[in-house]
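Here are my notes for a first look. Please read them with the model open.

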Amino acid sequence: MLPSHQDPHVTPPAENVAAHGRQPLLERPGVRPAGVRQVIRDLGLPYVSNGVIGLVFSASGPIAVTLAVGTAGGLTEAQLASWVFGILFSGGAATVVMSLLYRQPLGFAWSIPGTVLLGPSLQHLSFAEVVGAFFTSGLLVLALGSTGVIRRIMAAVPMPIVMAMVAAVFLKFGTDIVASTQANPVVAAPMVVAFLVLTAVPALGRYLPPVLGTLVAGCLAVAASGQFSFHAGGPVLAAPVFTLPEFTWAAQLELVVPLALTVLFVQNGQGIAVLRAAGHHPPVNVFAIVSGAFSLLNAGCGAVSACVTGPTNALLTSSGTKGRQYTAAVVFGVLAMACALLAPALTQLMLAAPTEFILALGGIAMLRALQQAFVAAFATAFTLGSLVTFVVTMSGLSLFNIHPAFWGLVIGYTVSRVLEHADHAAHNAKPTSRTSAPPVKASAN
């Protein structure tokens, strides 16, 4: 098999084509899409492991948040199951299509901050009004992505400041390891030990990837301690429910802009930063357009907006060769679509495990990404702006129903522009600073 950097199907990147003119609105892959044979050749145990862990992470804690918000908002069981089906199916489908097309691990999911901000809204708005806001928000994201303005904004914000926002969002995953080990040492402690041993002894890690070993150890600990409380019953297959949207000024003004900003700058911003830190070149404008299109699909199922996901992409890129990591995303996407069809049963299964199992697994899997985020944020330039971004994001500041991570970016960037003139001068002098990313290359690292 030819190594990735010798792939005969590589075509000139779009950036090279547009080197002496305007950059195209839609970023071209620069490679031929991966077919079934290529995926099979590139697939390996580390990538299967990363894809499975990504699914376990997405289908556990985030699903629990969705169920909690929906239940508190008075949604019926059928509406909740339809919501879960929509977010899993659209995330899986978008991930598979984009990852094969660009031959990069481009993971999509749904907006957790967007889900959380719906909590108060569902207390005084009808679900039909909220669904109307879902549709309008999806159209707004799609329209903004089609203008190309998102790429220009993302290119203007220095990467250290974006990574400081990512570090603040990811920090809780790290502290969850400590909290879960203290709260439930019988389950969490064996997981921590397994990860440390498999990481410290590379010979073992080659046969059993550390995060997969952590999952196995956790499953054994949960089973041995008798903490798996699964009670069969209820529907198994998902049955999507269409809720007729109601468009009211109250819901539109309260939800549309916060949802759109959360998708474009908080969620997609995290995903883009994580992928760039891992050496990939994500298509920023295409991300926005796909997020808007699949948000409309989600709205048809009564589900919150689709987006690129930071944590899941961190898991998909946590190990292996860069040129083959797209297969982890394909595994994740295929499993997500399969689980969407079994959304009610999957929800019962994931919620039967103790909370500490999920928290410890997610935290351990995110450690490398958290380390990388801190290094990228504070190792070189823009350190004051990065610090302000980190502090504001951690503070929980919430204005106009918009997530703190957005305000962290805005305030941190503003402080940096005022006080870090030399760093911005150097940043603006770089020829690539005005583009979204360097040319796409199908090379392994």
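**Notes on a buried threonine and the aromatic pairs**

1. Thr312 is buried, with a relative accessible area of 1%. Buried means under 20% relative accessible area, exposed over 50%, and partly exposed in between (1.4 Å probe, protein chains only). This is a predicted model: local features need pLDDT of at least 70, side-chain atom pairs count only at pLDDT 80 or more, and totals for chains, interfaces and linings use all residues. Residues are numbered from 1 along each chain as its sequence is written, and side-chain values use heavy atoms, with hydrogens and water left out.

2. Thr312 sits in helix 15 (residues 310–316). Helices (H or I, at least four residues) are DSSP runs, numbered from the N terminus. Leaving out residues up to four places away in sequence, Thr312 touches Gly54, Phe57, Ser58 and Phe332. Contact means heavy atoms within 4.5 Å.

3. Next, the aromatic rings. Rings of Phe, Tyr and Trp (its six-membered ring) pair if their centres lie within 6.5 Å; planes under 30 degrees apart count as stacked, over 60 as edge-to-face and the rest as tilted. By this rule there are 9 aromatic pairs. One of them, Trp83 with Phe134, is edge-to-face, at 6.2 Å centre to centre and 70 degrees between the planes. This pair links distant parts of the chain, 51 residues apart: Trp83 is in helix 5 (residues 77–102) and Phe134 in helix 7 (residues 127–147). Both Trp83 and Phe134 are buried. Together with Phe127, they form one aromatic cluster.

4. Phe85 and Phe89 are a stacked pair: 5.6 Å centre to centre, 15 degrees between the planes. Both lie in helix 5, 4 residues apart, about one turn of the helix. Phe85 counts as buried because its relative accessibility is 12%. Phe89 is partly exposed, at 31%.

Notes
Helix = DSSP H or I, 4+ residues; strand = E, 2+ residues; numbered from the N terminus.
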